[in-house]
Amino acid sequence: MAYAGDEDVPDEKKAPTSTALVREVSLVALRQWLRVPGSDVEKALRRAMRARHAELNQATRAAIAQRVLGIAVFYGRLGHLLDRAFRRNQGNIDPEIEAEMLLELYVGRELREEGGLTLSNLSNGLQGGQGGHGCLDDAVECKLREAVRAPLFEADEEPLLAVRLATAWSLPLWMAESWLQQFGPLSAFQLGRAMCQPARVTLRVNTFKTTRLKLMELLANHGVRSVPTAESPVGLWLPDGRPPAGGVWQLPGYSEGLFEVQDEGSQLLALATEAKPGDLVVDYCAGRGGKTWFLASLVSPNGSVCAWDIEEDLRKQLQGARAKRALGETNLHLLEVPPSKPHNLHADVVLVDAPCSSSGVLRRHPSQRWALRLQEVSEIADLQLSILEEASQLLRPGGRLVYATCSLIHLENQSVVAGFEALQRGFVRWPFPSGRHCRTLLPHVEGTDGFFMARWEKKSCEDLNFAPCQWMSMADLEDNLDEAEKAFESQYEKVEPSLLGEGTYGKVFKAKSIRTGELVAMKQMKIEGSEDGMPSTALREIALLKELKDHQNIVKLINIFYKPNKLVLVFEFVENDLKNYLESRGKSTTVPSEEDEERTEDTEAISELTQALT
């Protein structure tokens with residue numbers, strides 16, 4: 001379409017003005033995005049600008065990005081206004097036309113106080129087309145001018161609160177309903193507004209190489225203002241945003257690895273682990289490594305971080321150039337990236353920053369809100385619970401587990417926590433200073449992106465609640481089998497040669513505590529079912545071990561584990577040969593026969609032992 005004053009200039013020789021160029025590239029990006037519902041607007045924007053790379057300067061790029069990303073953010077609000085103005089059905093409109101209408105409405109309504117097209121020149125933009133599709137006639141112009149001035153709702157309308165929230169702050173209706181229920185009306189509207197505003201640019205100081213004060217001084221010397229973050233002791237946020245000339249890589253200290261770009265909320269996730277020097281930490285969904293490298297600085301100099309991610313490309317990046325810049329050659333030993341999923345680690349800390357809907361970082365991903373579907377969120381929640389259960393098996397007794405998401409949807413947060421606690425009784429809640437074991441970070445409260453955290457401690461041996469020799473029905477016994485199996489395997493390993501003795505119902509072998517290295521004697525036996533109490537075979541074995549309990553080599557009973565069809569008794573053991581001890585006492589390592597047992601009067605002795613060990 002011809003521009004005003006350009007009628008006599010051949011098309012191939014026209015040099016579009018910066019305003020026209022901004023419009024052309026913006027429309028190309030918007031049309032690409034609208035053609036594929038749920039697609040990423042940022043990818044469409046990059047493709048459109050790449051095609052005109054040679055013609056774009058920094059200011060032009062910024063203007064294009066402002067329009068395209070702004071329309072993606074306010075698509076719900078703008079769509080609502082267009083629906084009312086044209087009584088249209090969004091699903092039946094041509095993306096070519098919709099892109100033009102959205103652009104004109106956004107520029108006229110949202111940018112009129114920011115140097116964009118104003119109401120006075122909106123008509124010129126519509127009539128002249130400025131590189132547009134050229135199908136916006138006078139009637140369309142009139143309706144768009146009305147939409148620019150129109151209120152979201154008429155005075156006599158009474159829409160539902162969720163509809164008001166979804167329209168005012170451009171949210172899917174299901175998300176608005178969820179936030180209202182979860183946070184209440186006031187906080188939900190404040191959150192919605194925050195999600196339509198630019199996110200802070202926040203840095204994390206690399207304490208391997210500098211301090212926060214030194215980095216602030218370096219930035220100030222180059223004219224860059226920085227402010228310490230409220231909670232993270234290693235964070236700085238830039239009140240003026242990114243440097244005027246472009247990205248943070250232009251800031252002093254970036255190439256030297258003095259800082260990483262990381263939201264304060266993400267920093268607080270790592271700090272929530274309370275990892276300390278010497279700890280073994282597992283970053284179970286490590287992603288691109290921002291928290292991984294921070295954790296490495298917390299466990300330095302003699303700890304380690306095992307970083308795992310299901311994506312092979314991400315695992316490669318964890319050991320790439322960014323890792324070397326962040327850790328330095330002298331600290332690379334702190335990081336391990338296994339080729340396959342880790343197991344049997346007995347870690348001090350496990351952090352699970354689970355894959356999620358990213359509903360807490362909508363302001364960083366403008367089109368994400370329109371790509372989400374409630375059914376997909378439910379499916380993600382099932383995956384999150386599975387990952388959390390899987391990762392929890394990597395902890396030693398007494399270890400700490402942190403679950404986190406960058407989501408603000410109840411299904412992915414509190415519901416997953418409730419599901420985990422219902423399935424895993426080997427964990428106790430580990431509270432934050434507030435007294436609660438869950439915490440939510442909100443953009444309009446903490447100024448961070450939206451995050452959720454929950455913390456637990458794995459029960460120690462003393463807290464496992466497998467009461468020694470406690471009378472139980474077999475139904476109760478079955479409830480503890482899986483938990484006991486995991487607890488047993490996570491605490492002890494056999495020491496070769498391990499066999500100390502063998503009885504009719506099982507073996508006595510030597511083992512050691514994985515955590516402390518202390519030797520133990522373990523008696524493992526088969527269990528025959530009993531409807532009304534502890535199996536009789538177990539009682540006979542306990543009677544036999546009564547003598548061992550009094551001997552100097554068997555200090556005390558540590559624990560009893562119920563495994564599927566087995567019972568394991570664990571005693572502290574002083575280095576000696578249990579088999580020789582039994583033989584020196586003239587005892588066989590074989591337990592008394594059932595006939596012998598029936599002839600003895602051990603019922604009272606067994607009862608006393610049961611009481612003593614409980």
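Colleague: How many helices and strands does the chain have?
Modeller: The chain has 24 helices and 17 strands. Keep in mind that this is a predicted model.

Colleague: OK. What share of the residues count as buried?
Modeller: Of the 614 residues in the chain, 52% are buried. The accessible surface is about 29200 Å², and carbon and sulfur atoms hold 49% of that.

Colleague: And the contacts, what part comes from residues 24 or more positions apart?
Modeller: Those pairs make up 70% of the chain's contacts with a separation of 6 or more.

Colleague: Which strand does S1 pair with over four bridges?
Modeller: That's S3, residues 235-238, and the pairing is antiparallel. Leu-203, for instance, has Leu-236 as its bridge partner in S3. S1 is also joined to S4, residues 259-261, by three bridges, again running antiparallel. There, Val-205 has Phe-259 as its bridge partner.

Colleague: Switching to helices. At what angle do H3 and H5 cross?
Modeller: Roughly 100°, with the axes of H3 (residues 58-73) and H5 (residues 95-109) coming within 10 Å. So H3 and H5 are roughly perpendicular to each other.

Colleague: Which residues make that contact?
Modeller: From H3 you have Gln-66, Arg-67, Gly-70 and Ile-71, and from H5 Leu-102, Leu-103, Tyr-106 and Val-107. The contact residues split into five nonpolar, two polar and one charged.

Colleague: On phi, then, what is the value at Ser-170?
Modeller: Ser-170 has a positive phi of about 55°, though it isn't a glycine. You'll find Ser-170 in the loop between H8 (161-168) and H9 (173-183).

Colleague: Is Ser-170 buried or exposed?
Modeller: Ser-170 counts as buried because its relative accessibility is 0%, and the cut-off for buried is under 20%.

Colleague: What about Ser-358, what's its phi?
Modeller: Also positive, at about 60°, and Ser-358 is not a glycine either. Ser-358 sits in the loop between strand S8 (347-353) and helix H16 (368-371).

Definitions and conventions. Residues are numbered from 1 along each chain as its sequence is written. This is a predicted model: local features need pLDDT of at least 70, side-chain atom pairs count only at pLDDT 80 or more; totals for chains, interfaces and linings use all residues. Side-chain values use heavy atoms; hydrogens and water are left out. Axes are lines fitted to C-alpha atoms, for helices over the stretch in contact, and angles run from 0 to 180 degrees between N-to-C directions. Helices (H or I, at least four residues) and strands (E, at least two) are DSSP runs, numbered from the N terminus. Angles under 35 degrees count as roughly parallel, over 145 as roughly antiparallel, 65 to 115 as roughly perpendicular and the rest as oblique. Contact means heavy atoms within 4.5 Å. Ala, Val, Leu, Ile, Met, Phe, Trp, Tyr, Cys and Pro count as nonpolar, Asp, Glu, Lys and Arg as charged, and the others, Gly among them, as polar. Buried means under 20% relative accessible area, exposed over 50%, partly exposed in between (1.4 Å probe, protein chains only). Accessible areas come from the Shrake-Rupley method with a 1.4 Å probe; for residues, only the protein chains shown count as cover. Two strands pair if DSSP finds at least two bridges between them.
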